[in-house]
Amino acid sequence: MFSAGILLALVSSVVATPLHSALSTVDLLGRDTLLSSGCSTTGSASCHNSSSVSNLCCFEAPGGLLLQTQFWDTNPSTGPVDSWTIHGLWPDNCDTTFTENCDPSRAYTGIGSLLSANGASDTLAFMQTHWVDINGQNEQFWEHEWSTHGTCMSTLKPTCLPSGSVRGAEAVAFFQTVVKLFQSLPTFTWLQNAGIIPSSTATFTLSQLTTALKSASGGFTPALDCTSGALNQISWYFNLKGSIIDGSFVAINAPKAGSCPSTGIKYPLKSGSPSSTTTAGPPSGTGVPSRGTIHAIRSGSTVGGLLSAGTWSTQTLATFTFSGSSSSFTMTSSKGNCGVSGGSLTCGSGVTLTSFSAVTSGSTLLLASGGSTSFTSDGSPSGTTVFPVFTGTGHSQDYTLSIVSA
Ligand SMILES: *[C@@H]1O[C@H](CO)[C@@H](O)[C@H](O)[C@H]1NC(C)=O
């Protein structure tokens, strides 16, 4: 380990590196984009109108509370050891409720090709290192983030685009904007500048972390989420003047706290960190994400996953909310609570919550009920058919269910 003198020198040299300028508005107007919205950025910010706004191409509504979410994934590790990674950009309603999957007709596939075919290769290259899926399925992760969240943005509706825009042009703008906004929010560097660096032993208080981030960002408090007491996600909040395409993101305080406890917060090392060779013992347990989809895996292939009622289908998967730790958590969907009763999984109003656990298998997080990761159905879905999901192995089709962070 470092002697005190060397450690001091290291910390002061870190502090001496140029600081990122603090944030108050992040203006995306000056950049190279495929599109121009033609919107002004001098009007009222989203969620700050006093009367109804009619042109929602230049005013983000109802999802005018925007969260730029970032991951700190260490088990398995994703992305550079000295950077958080992109989760997404989510349009919450001004009261923090939200809608998802607003336009399945624009659930584009082939995001990587779409970006490279439309002059956004630089954005794509950055995404390949900094917008990475914990299971290595970047393309699916990008498709999910776009279809789940991007299609709910009013200022990205196809009718808002200049005539003659190529199909998918608004998704290209979405990815360009998210990357640009993320680049203005160097969470790792901001913590590092306050002497807060990943460690296998240190713990931090929530107030240490938020004070450092508030000061570095120019006065804005983010929300921090933890899994198993370790930092896992940060949400930076904004309102928007103008369009997602090229508007001004106005930083605001998080309207609600994240899930981290007030003390004893770990900031684990990513594998491959220079000092991680000095750590002893296995990495800390993988937590369940706060939101995610559940995919069915049979013979090593993904075959659809769960809908909001808890049934197995190959249609667009539901987003579930998870609450608790990997050893015991509950699940809800847009239909309501999820529970196992009489050996079958259902989600809906009036369903009693039951506890699940999650088991790490390689880089996959498997759902378990009663400690077993086996699930079974009477048939294999395709098209619009769905099958009830049973626990155990008693029916003709056996599979496991993997939880993929949203
Ligand atoms: C702001 O504008 C949106 C979109 O027109 C509208 O739904 C909302 O009610 C407005 N808010 C207020 C306070 O008028």
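# A guided tour from Asn101

Select Asn101: with a relative accessibility of 28%, this residue counts as partly exposed, because that class takes in values between the 20% limit for buried and the 50% limit for exposed. The model on display is a predicted one. Asn101 sits in the loop between S3 and H2. Its phi is positive, about 50 degrees, although the residue is not a glycine.

**The whole protein**

Before the next selection, display the entire protein. Seven helices and 20 strands make up its secondary structure. Of its 406 residues, 50% count as buried. The accessible surface comes to about 16800 Å², and carbon and sulfur atoms account for 54% of that surface. Among contacts between residues at least 6 apart in sequence, 68% join residues at least 24 apart.

**Thr151 and its surroundings**

Return to Asn101 and select Thr151, which touches Asn101. Thr151 belongs to the loop between H4 and H5. Is Thr151 buried or exposed? Its relative accessibility is 2%, so Thr151 counts as buried, the limit being under 20%. Leaving out residues up to four places away in sequence, its contacts are Asn101, Cys102, Asp103, Arg106 and Trp146. For one of these, show the backbone as well: the backbone nitrogen of Asp103 is 3.4 Å from a polar atom of the Thr151 side chain.

**Helices H4 and H3**

Select helix H4, residues 138-148. This helix is mostly covered, with nine of its eleven residues buried.

Now select helix H3, residues 121-130, and colour Thr123, Leu124, Phe126, Met127 and His130, which are buried. Looking along the axis shows them on the same side of H3, because they cover an arc of only 165 degrees around it. What lies over these buried residues? The cover includes strand S3 (85-92), helix H2 (111-117), helix H4 (138-148) and helix H5 (169-183).

**Glu60**

Next, select Glu60 in the loop between strand S1 (25-27) and strand S2 (65-71). Glu60 has a relative accessible area of 1% and is therefore buried. Which residues does Glu60 contact, leaving aside its neighbours within four places in sequence? They are Ser46, Cys152, Met153, Ser154, Thr155, Leu240, Gly242 and Ile244.

The side chains of Glu60 and Thr155 are joined by a polar contact of 2.6 Å. A polar atom of the Glu60 side chain also lies 2.5 Å from the backbone nitrogen of Ser154. Although Glu60 and Thr155 are 95 residues apart along the chain, their C-alpha atoms are separated by 5.7 Å.

**Backbone features**

Stay in the loop between S1 and S2 and select Pro62. The peptide bond that joins Ala61 and Pro62 is cis, with omega about 5 degrees. Cys47 lies in this loop as well, between S1 and S2. Cys47 is not a glycine, yet its phi is positive, about 70 degrees. Its relative accessible area is 24%, so Cys47 is partly exposed.

For another cis peptide bond, select Asn75 and Pro76, where omega is about 0 degrees. Pro76 is in the loop between S2 and S3.

**The ligand**

Finally, select the ligand. Its shell consists of Asn49, Ser50, Ser51, Ser52, Val53, Leu56 and Ala61, and Ala61 is also a partner in the cis peptide bond to Pro62. How many residues of the shell are nonpolar, polar and charged? Three are nonpolar, four are polar and none is charged.

Display the distances to the ligand one at a time. In the side chain of Asn49, an N or O atom is 2.3 Å from an oxygen atom of the ligand. For Ser52, a polar side-chain atom is 3.1 Å from a ligand oxygen. Taken alone, the ligand exposes 360 Å², of which the protein buries 53%.

Definitions and conventions:
Residues are numbered from 1 along each chain as its sequence is written. This is a predicted model: local features need pLDDT of at least 70, side-chain atom pairs count only at pLDDT 80 or more; totals for chains, interfaces and linings use all residues. Side-chain values use heavy atoms; hydrogens and water are left out. A residue is near a molecule or strand if one of its heavy atoms lies within 4 Å of it. A polar contact is a pair of N or O atoms within 3.5 Å; within protein, one must be able to donate a hydrogen and the other to accept it, and residues adjacent in sequence count only if both atoms are side-chain atoms. Accessible areas come from the Shrake-Rupley method with a 1.4 Å probe; for residues, only the protein chains shown count as cover. Ala, Val, Leu, Ile, Met, Phe, Trp, Tyr, Cys and Pro count as nonpolar, Asp, Glu, Lys and Arg as charged, and the others, Gly among them, as polar. Buried means under 20% relative accessible area, exposed over 50%, partly exposed in between (1.4 Å probe, protein chains only). Helices (H or I, at least four residues) and strands (E, at least two) are DSSP runs, numbered from the N terminus. The arc is that of the directions from the helix axis to the C-beta atoms. Contact means heavy atoms within 4.5 Å.
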